[in-house]
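User: I would like to go through this model by question and answer. Please keep it brisk.

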Amino acid sequence: MDARLNRQVFDTAHAPPRDRFGMWLDMLAHTPALMRIRTEHADDFAARAEFLDLGPIQLIRHRYPSLDGIRTRKLIQRSEADCYLLALTLTGTGIADQDGQRGVCRPGDFTFYDSARPQELSHHGDDNGRKPVSSIVAFVPYDVLPLSHRRLAPLFAGRMSGAEGVGALLANYLIQLTGHPEQYHAVDAERLAGVGVDLLSTMLGRHLVSTDAVPTEVRRRALLAQVRAHIGQHLGETSLSPQRIADAHHISVRSLHRLFEAEETTVAAYIRDQRLERCRRDLADPALRDLPIQAIAGRWGFRDKAHFSRAFRAAHEETPQAYRAQHLERARIVNTSASVVNSEPTY
């Protein structure tokens with residue numbers, strides 16, 4: 001069985017309240033985010049950090065009490081200082097300062113740092129700071145981004161929206177990946193990192209004076225990720241078409257087709273394969289055993305029963321009925337075996 005992405009969890013809840021803040025500082029000392037922290041909750045610092053390693057980049061999903069932090073030159077000398085930090089505010093209000101620039105980040109906003117430069121931050125929750133705050137931080141090595149350090153300097157500590165365009169796609173990517181790492185395979189870690197870097201590079205490029213700073217191939221991959229996400233959100237709509245997809249992304253249909261040619265597929269084939277994959281998943285789901293096959297097909301954009309059956313059989317070498325029966329029987333056997341084990345008496 002393929003290994004899933006490994007998530008390492010650090011949680012101060014396992015320690016006595018008086019030891020929690022010290023534990024958090026010790027953990028922070030082993031990351032590029034080493035800072036001097038001030039908080040009114042040092043007597044009971046209930047915090048949690050979930051680490052996800054994607055090869056060249058590392059993601060951390062934080063939840064902690066309100067705090068203020070400062071990263072001085074002395075602290076920089078004591079820690080790794082060869083990466084950028086991208087922070088997505090999930091809850092609370094964050095204020096970032098670096099090189100005389102300041103950004104105020106609400107939930108859904110990004111800010112961007114250089115770990116080799118002094119910085120200050122403040123992250124406070126609602127209800128006068130009594131509610132915990134949360135964020136996702138990505139550590140990105142300098143040489144991973146195809147953008148010069150000099151060009152990026154104007155963006156340090158600035159606010160970038162994660163509610164629209166490429167920013168929204170990047171925010172959803174980080175939230176989904178850190179929230180459900182068990183849905184992804186460990187062998188895909190570097191590929192997933194590549195998707196994130198492409199989206200980040202494109203978002204940063206959009207905030208520079210010109211997107212020419214972003215290499216053409218990076219922009220192409222980021223656009224492809226946007227198009228794929230759009231298709232995934234509209235699979236069930238029969239009106240989904242190359243023209244509609246192209247219009248939504250302000251490109252020509254010809255450009256859309258060229259985008260998929262580089263992936264050795266076509267727009268229509270990609271849509272069909274994604275629809276078949278969703279149908280396959282639903283057919284194997286015991287919770288949907290009473291939902292008619294035609295309803296499942298229609299749910300994902302197949303309005304013609306015969307066409308769906310032919311397409312499914314061509315992809316899986318068996319009919320939808322046979323596929324469903326086989327996988328539901330496997331699920332029944334597994335559940336029956338589990339029930340027998342759980343019913344054995346204990347002494």
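User: In which sense do strand S9 and S12 pair?
Analyst: This is a predicted model. Strand S9 covers residues 109–114 and pairs with S12 over two bridges. Phe110 stands opposite Met160 in S12. The sense of the S9 and S12 pairing is antiparallel.

User: Which strands are the edge strands?
Analyst: Seven strands form an open sheet, in the order S1-S3-S4-S11-S6-S9-S12. An edge strand pairs on one side only. That picks out strand S1 (7–11) and strand S12 (160–161).

User: At about what angle to S4 does helix H4 run?
Analyst: Helix H4 spans residues 165–179. It lies across S1, S3, S4, S6, S9, S11 and S12. Its angle to S4 is about 80 degrees.

User: How many residues apart in sequence are the parts tied together by Phe10 and Trp24?
Analyst: The structure holds twelve aromatic pairs. Phe10 and Trp24 form a tilted one, 6.2 Å centre to centre with 55 degrees between the planes. Phe10 lies in strand S1 and Trp24 in helix H1 (residues 17–28), so the pair ties together parts that are 14 residues apart.

User: Are Phe112 and Phe156 buried or exposed?
Analyst: The ring centres of Phe112 and Phe156 are 5.8 Å apart and the planes are at 35 degrees, so this pair is tilted. Phe112 lies in strand S9, and Phe156 in the loop between helix H3 (149–152) and S12. The cut-off is under 20% relative accessible area. Both Phe112 and Phe156 are buried.

User: Which residues do ring pairs link into a cluster with Phe10?
Analyst: Phe10 and Trp24 are both buried. Ring pairs link Phe10 into a cluster with Phe21, Trp24, Phe45 and Tyr64.

Note on methods
Residues are numbered from 1 along each chain as its sequence is written. This is a predicted model: local features need pLDDT of at least 70, side-chain atom pairs count only at pLDDT 80 or more; totals for chains, interfaces and linings use all residues. Side-chain values use heavy atoms; hydrogens and water are left out. Two strands pair if DSSP finds at least two bridges between them. Helices (H or I, at least four residues) and strands (E, at least two) are DSSP runs, numbered from the N terminus. Contact means heavy atoms within 4.5 Å. Axes are lines fitted to C-alpha atoms, for helices over the stretch in contact, and angles run from 0 to 180 degrees between N-to-C directions. Rings of Phe, Tyr and Trp (its six-membered ring) pair if their centres lie within 6.5 Å; planes under 30 degrees apart count as stacked, over 60 as edge-to-face and the rest as tilted. Buried means under 20% relative accessible area, exposed over 50%, partly exposed in between (1.4 Å probe, protein chains only).
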